[in-house]
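Work through the exercises below with the sequence and the model open. Each task is followed by a solution in steps.

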Amino acid sequence: MASTQVAPVNPASLPGTQVPPRVGRDRMTRSLARMGWGFASPALVVIGAFTIFPILFSIFVSFENVNVTGAGFSFQGLTANNYSIVLGASLWHHALWFTTVYTVVTVVVEVALGTIFALVLERMTQGRGLMMAILLIPWSLITVVSAELWSYIYNASYGVLSGVFHNILGQPFSATVALMFADVWKTTPFVTIIVLAGLVMIPSELFEASEVDGANGWKTFWRVTLPLLRPTLGIAVLFRVLQAFGLFDLPYVLTTGGPGTSTQSLAMLGYNTMFTNLDFGPGAAVATTTAVIVLVMCLVFLRAFKAQVGKETPNA
Amino acid sequence: MRNRTRSGWRAVFTWVNLGALLIALFVLVPMYWLIASAFKTTAGVGAYPPQFFPSPVSTANFQAAFGEYTFGRYVLNSVVVAVCATTLVLVLGTLAGYALARLPVRGKYPVMVSLLMISVFPQIAVIAPLYLIMRDLGWLNSYQALIFPYTAFNLPFAIWILRNYFLGISMSMEESARVDGAGALRTLWSVVVPQVTPGIFTAGVFTFTACWTEFLMALSFNQQNNMRTIPVGIATFGSQYTVPYGTLFAASVVAVVPIAILVLVFRKAVVSGLTSGAVKG
């Protein structure tokens, strides 16, 4: 709205400045800055109202005694009970353990497999565009659809795999592996695309130099490719870890957390506490502790990543 | 895999293509199973040993999805929510991305870092408070119950993407437009935005896909049958004891094919969005 023509709106600021050309520059800068906040504020207000405010409110709810009746919700005073209920419960311990193991295993497998896929694709002389198109299909798939598809494949009586593995979803261990496999199927293509982008940025002279030096493909991979790929892999791991830790859709549909509660993730536990048991206080406590864990992981990653990048820059 | 020298290209070529074929099968075989099962009869879906090709080929599942089940309503709900949220994200995200890239706004760095943090925050953290707020506002089972949270959750990524594009274009044209006396909004719309259309496509496709596939908030806020979106509708098909897989997959095909086409058409935009994090560092 504020065009630069209307810049001299504040004559009071004139005596404070000495050199006339600087006045104009500062005025313009200031008016542009005002305009900048004007442009940015609608987005920031929406983000603040629907993410930051709820997060703060969630922390408040997690310390509240929430009373749920047919008429509505009321807050009955501050309490630390929600946390003592949650942190002492074996359900929470199990969900934390399950989510952590799930995250570590799927991310390791997906990054390793994604790197192998990307190495294959990088060597393709033709048809890489087609492969990229194929890889984008699972990425765009609705997770709920993928979960239903795998539940059909794993079905104990008529699933395709029921002849090979008996009742996969009936045992805690095999149900966990089945969930992980469905995740690997859907997400490895995403990791492949990211790693491939990092691979094609490595200058090919480095590979040629390594070959001239007599290194074989395996040695070249460990000595040249992997170190140069580390920043890309770091980003891929960060994205995947944060996403996997919020796991909800896949187990909610594929195993409904079962058998029993053996595949119940932290997000599922939070959701079930809130919407099945209507325990909003403890539910918010589960959600808040999950968010805090994610936040801490995020900060640790950023730290480690910065340190690593800082170490590598002088050598480059 | 082992030899990179060009002299052995023939051997490498075969191995690489075999590898690519295996990767393609890894992705496509389950997808084939989804599509094939959508065209099976109820008996065909439950047959064991399974029918590797539907016989007879039947479209009864598609009729059931739109007739017996109210899948058409779910599609409408998803379209309304995704289109509104994407439009809002693009308008607000363009303004904010431009401001954070080009205008001398102080405190950009903390804003950008907070946006990054928000975009990776687990959604479960906002479900309880948003549910209580929406309940008080009377927004449960409404379009706005999803449009606003979707807009808020997708804006950070869109702002990052668009900011990168704004940083990459030349500033001279907008300065001359400014000197010519064009208003700021008009300069942005007619001079700057046309230069970042790839970025707008990228942000748009990402936001639309995210809204189309989102499950947790849609499940929590819009539980009423006539307000369900596609993912919630598909997850709640059938009862606890019987899952009508054929109907469910027919609905899934209808839900998945348009978005797959969208993503394939805008393949370049999607890949640039996916890899922008990796490239920018």
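**Exercise 1. Contacts and fold of chain B**

What percentage of the contacts in chain B with a separation of 6 or more is accounted for by residues 24 or more positions apart?

Solution. The share is 75%. Two residues are in contact if their C-beta atoms, placed from the backbone, lie within 7 Å.

Before going on, note that this is a predicted model, in which local features need pLDDT of at least 70, side-chain atom pairs count only at pLDDT 80 or more, and totals for chains, interfaces and linings use all residues. Residues are numbered from 1 along each chain as its sequence is written, while chains are lettered from A and ligands numbered from 1 in the order in which they are written.

**Exercise 2. Describe the build of chain B.**

Solution. 
- Step 1: chain B has 14 helices and zero strands, where helices (H or I, at least four residues) and strands (E, at least two) are DSSP runs, numbered from the N terminus.
- Step 2: the radius of gyration of chain B, taken over C-alpha atoms, is 23 Å, well over the 19 Å that the globule rule gives for 281 residues, so chain B is more spread out than a compact globule. The globule rule is 2.2 Å times the number of residues to the power 0.38.
- Step 3: along the principal axes, the C-alpha atoms of chain B fill a box of roughly 75 × 70 × 35 Å.
- Step 4: of the 281 residues in chain B, 47% are buried. A residue is buried if 20 or more other C-beta atoms lie within 10 Å of its own, exposed if 12 or fewer, and partly exposed in between, with C-beta atoms placed from the backbone.

**Exercise 3. Describe the contact between chain A and chain B.**

Solution. 
- Step 1: chain A gives 90 residues to the contact and chain B gives 89 residues.
- Step 2: on the side of chain A that touches chain B, helix H1 (residues 20-62) of chain A supplies the largest share, 20 residues.
- Step 3: this side of chain A holds 64 nonpolar, 22 polar and four charged residues. Ala, Val, Leu, Ile, Met, Phe, Trp, Tyr, Cys and Pro count as nonpolar, Asp, Glu, Lys and Arg as charged, and the others, Gly among them, as polar.
- Step 4: B:Leu155 touches, among others, A:Ala43, A:Val46 and A:Ile47, leaving out residues up to four places away in sequence.
- Step 5: the predictor gives the complex an ipTM of 0.89 and a pTM of 0.87.

**Exercise 4. Is A:Ser265 buried or exposed, and where is its place?**

Solution. 
- Step 1: A:Ser265 has 27 other C-beta atoms within 10 Å and is therefore buried.
- Step 2: A:Ser265 lies in the loop between helix H9 (249-254) and helix H10 (266-276) of chain A.
- Step 3: leaving aside neighbours within four places in sequence, the contacts of A:Ser265 include A:Ala95, A:Phe98 and A:Pro251.
- Step 4: A:Ile55 is 210 residues from A:Ser265 along the chain, and their C-alpha atoms are separated by 20 Å.
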